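I am opening a notebook on this structure. Here is what I looked up, entry by entry.

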Amino acid sequence: METDATNPVPCDPEKPVNAVETIEEVNDSPVEEVRLTVAITDDPTLPCLTFRTWVLGIISCAALAFLNQFFVYRQNALSVSSVAAQILVLPVGKLMAATLPTEAVKIPGTKWSFTMNPGPFNLKEHCLITIFANAGVTGAYAVNIITIIKAFYHRKINLVAAMLLTHSTQLLGYGWAGIFRKFLVDSPYMWWPSNLVQVSLFRALHEVEVRRKGGLTRLQFFTVVSVSSFCYYIIPNFLFPSITALSFLCWIWKDSVTAHQIGGGIRGLGLGSIAFDWSTIAAFAGSPLAAPGFAIINMLVGFILIVYVMLPIAYWKNLYNAKRFPIVSAHVFDATGAPYNTSAILTGKTFEFNRAGYHSYSKVNLSIFFVLIYGLNFAALASTVSHVALFHGRTIWRQTKASFQEKFGDIHTRLMRKHYEPVPQWWFHSLLIMVVAISMLACEGFGRQLQLPYWGVALAMVLAFVFTLPVGVIAATTNQPSGLNVISEMIIGYLYPGKPLANVVFKTYGTISISQAITFLSDFKLGHYMKIPPKSMFLVQLVGTVITSLVSFGTAWWLLTSIEHICDQKNLPPGSPWTCPGDDVFYNASIIWGVVGPLRMFGKLGLYQEMNYFFLFGLVAPIPGWYFARKYPSRRWIGCINIPIILSGTLGMPVAKAVNCVSWLTVGILFNLVVYRRYKGWWARHNYILSAGLDVGVAFMGTLCYFALQYNDIIGPSWWGLHIDDHCPLAKCPTAPGIKVDQCPVH
């Protein structure tokens, strides 16, 4: 393996490159975090696809698909990670190994047989069950379409069309994963940081470890953390929800709109806000303990520049009439500052854009933060392409040539090639052809209820094919994948305007196929680290994806039909968690790009034409860093500057809130910079275990609280800390003269 100035990874500014180190790294991964975490041994005789794997894997997948779809409608949309299943199945698997019969069971009418108990419950079975569970974690993105149709637009959708849409969008990514797996899995520089949490936990659970005097084994440490997290989470989840967003400036200046705008953790800039709640910290950007230190620094720089420099200047300069609207909002407004009335610009029967109604009503206006977010999304997408081409282009080209000669790889790749057969490419290609046919049927059939024509489906797939590799490189090295949401919305909005469902369906095919490909590739890398046969990996992922689609769809349908006023923030009771933050943004995006269209938003007929210059900025922004990284190769910190991550520094805002970002960055800096550098031994032993334990405790207590208390309308004691709120009500207020909003002073 080679290291040069055009490929400055692994990114560690403290460690210079030298010839001796390069020679040593041939026998292991070139990434220090991987060397500290992943074993370089393998036992190919261990059974993998056993009866226990299928039973526990299917149950885990279905359970996590239900829980994550359940939580996604809540204010803090906690993602229950597969770590929860990873922990629970271990004692169950060992119990099955101790009690199930070992005799072979013949399948009637065939020569096949299997045993329910092939021996001790082993690490590879455990890993495959966890990969089953990973499929349940991702959920089904197409459910967002069903949600906005039923809960926001209040229309109906054909059940079969909805199911075909859900399945096809989930499975499409397999094709792209098969094409790019040599670059994004076999390459040792594509190290997928989030997988190290699970690898570390696997080793803690299965390796025999002697407890140090006065210390704890990794399993004991995990138990202490998960139990503590479980017990503590009843406080922010039930007894004292206000600690999920503490905004101190609002307490000091209770009647100041400006103070609330600056300090508000939910509707403001979050300066001085903090959360004492793991679900708030990890809700939108994942665990900060799993993010590399250099990526956290890039995101911190981006967050400060965007939220505390660009946004205040734009707002108080009244750019685009910013003071008429809240400083941070994902909603759409008319020219008077009132919420936009979408029924005025949609025809009732055809569900298409009503041009006459639009001209007699108002152009669509956005908060200045939402405007900047769209511009930065344009820049981030363009910079992803140029960053990958500049910093990784030479390596990708070398891998392309080497992959045909089977020469590229590290110790993990060599072990996999030595012991296991790869998945044949025709498996991926056959599945891709079948899913394309289902996609065409879903969109062209059923009276074209989904509005997207066949050429739109084909174009979405071309878009996904082009961007899977650059997006995958960013995800594999920084743990922060970039999405195609905005560019896909823009493309179909120009080509096929005025049709909101066509827009979101195109976005789903263009976005989710990449997202699913990234998930499959990440799981393949986990299997790569754990030395799992690739064919077993493929089957488990495929079955898990189908189960996830079915369970996510059923869960969403149940919640949408059983919870009164779900997603309707105006009519929900105070403190209700069912605010659907992700679907709210999804709905408003469908208005911006689908109903009104980019021509009337960011084109010559719109208010925000200047945002298109962000594409050019993003394209050229990585060039200075690349140039200086080549000019000064010994200064490795220059190569750590990652423009796509800096431009994505808002960590999912406005779906996420400022308090989520501030808390995430604070914890990430503490553990992956301070602790990592000062107490590297403790970090290597406990960091990922700590992340896993916190996830498990929150997941179990959150589920228990809902079904034992909240589902039965049992609420905590009535006091000011009971509501999920930052107590900054004036943060939502406009400051332009004459604009009237409920509970806001008129300037």
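**Disulfides**

I began with the link of Cys567 and Cys580, which is left-handed, with -75 degrees about the S-S bond. Their sulfur atoms are 2.1 Å apart, and I counted a disulfide as a pair of cysteine sulfur atoms within 2.5 Å. Cys567 and Cys580 both lie in the loop between H23 and helix H24 (581-596), so the pair ties together parts that are 13 residues apart in sequence. My helices are DSSP runs of H or I with at least four residues, strands are E runs of at least two, and both are numbered from the N terminus. Both Cys567 and Cys580 are buried. I call a residue buried under 20% relative accessible area, exposed over 50% and partly exposed in between, with a 1.4 Å probe and protein chains only.

A note on the source: this is a predicted model, where local features need pLDDT of at least 70, side-chain atom pairs count only at pLDDT 80 or more, and totals for chains, interfaces and linings use all residues. Residues are numbered from 1 along each chain as its sequence is written, and side-chain values use heavy atoms, with hydrogens and water left out.

How many disulfides does a search of the whole structure find? I found 2. Cys250 is joined to Cys728, with S to S at 1.9 Å. The torsion about this S-S bond is about 110 degrees, so the disulfide of Cys250 and Cys728 is right-handed. This pair links distant parts of the chain, 478 residues apart. Cys250 is in helix H12 (residues 248-252), while Cys728 is in the segment after helix H30 (680-708). Cys250 and Cys728 are buried.

Cys61 is buried at a relative accessible area of 0%. I checked Cys661 next. Its sulfur has its closest cysteine sulfur in Cys728, 16 Å away, again too far for a bond. Cys661 is buried too, with a relative accessible area of 1%.

**Helix H20 and its ends**

I then followed H20, which covers residues 454-478 and has 25 residues. From first C-alpha to last it reaches 35 Å, close to the 36 Å expected at 1.5 Å a residue. The expected span is 1.5 Å times one less than the number of residues. Where is the kink in H20? I found it at Phe467, about 40 degrees, shortly before the proline Pro470. I took the bend as the angle between axes fitted to the seven residues ending at a residue and the seven starting there. H20 is mostly covered, with 18 of its 25 residues buried.

Just after H20, Asn479 takes a positive phi of about 70 degrees. Gln451 sits in the loop between helix H19 (425-444) and H20. Gln451 is not a glycine, yet its phi is positive, about 75 degrees. At a relative accessible area of 9%, Gln451 is buried.

Is Thr519 buried or exposed? Thr519 counts as buried, at 17% relative accessibility. Thr519 lies in helix H22 (residues 500-530). I listed its contacts, meaning heavy atoms within 4.5 Å. Leaving out residues up to four places away in sequence, Thr519 touches Thr138 and Gln541.

Lys531 is in the loop between H22 and helix H23 (534-562). Its phi is positive, near 65 degrees, in a residue other than glycine. Lys531 counts as buried at 1% relative accessibility.

**A cis bond**

Met653 and Pro654 are joined by a cis peptide bond, with omega about 10 degrees. I placed Pro654 in the loop between helix H28 (643-647) and helix H29 (658-678).

**Charges over rings**

I looked for NZ of Lys or CZ of Arg within 6 Å of a ring centre and within 35 degrees of the ring normal, which is my rule for a charge over a ring. Lys150 lies over the face of Trp557, 4.4 Å from the ring centre. The charged end of Arg635 sits over the ring of Tyr632, at 5.0 Å from its centre.
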